Amino acid sequence: MTSYLFDMGAPRPLAVQLAGATEAKDAVAMGVAPVSRTMPDTLGAAVTEGSTSAFMNGLHASAVLTGSLSLLGAVLAGVGMRDGAATEAD
């Protein structure tokens, strides 16, 4: 999120302070943009966009990982069932 804030023109000290804040990280992890009423509109928009992007990237990564592990589990279960059926037939 820090690089996104720099790209949007946020002042470097403010962007570093915001990106390093534990509360901000927790808020982004919950899908909430850590925007305050005292922020300029452009900075608030940049924080909201960066937070949304970070949250959606995390959701995408977790969905891909979960899907891959589920597919791997299904393949392993299928191989195990096939090997078990061949052993019982012998």
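Trainee: Is Leu 76 buried or exposed?
Mentor: Leu 76 is exposed in this predicted model, because its relative accessible area is 55%. Exposed means over 50%, buried under 20%, partly exposed in between, with a 1.4 Å probe and protein chains only.

Trainee: Which helix does Leu 76 lie in?
Mentor: Helix H4. That helix spans residues 41–89 and has the highest confidence in the protein chain, at a mean of 86.

Trainee: And where is confidence lowest?
Mentor: In helix H2, residues 12–20, at a mean of 55. That is pLDDT, the predictor's confidence in each residue, from 0 to 100. Where pLDDT is low, the predicted coordinates should not be read in detail.

Trainee: What about the mean pLDDT of the protein chain?
Mentor: The mean is 76, and 66% of the residues reach 70 or more.

Trainee: New topic. How many helices and strands are there?
Mentor: Four helices, zero strands. Both are DSSP runs numbered from the N terminus: helices are H or I, at least four residues, and strands are E, at least two. Along the sequence the pattern reads α-α-α-α.

Trainee: How much of the protein chain is buried?
Mentor: Buried residues are 18% of the 90.

Notes
Residues numbered from 1 in each chain as written. Predicted model: local features only at pLDDT ≥ 70, side-chain atom pairs only at ≥ 80, totals over all residues. Heavy atoms only, no water.
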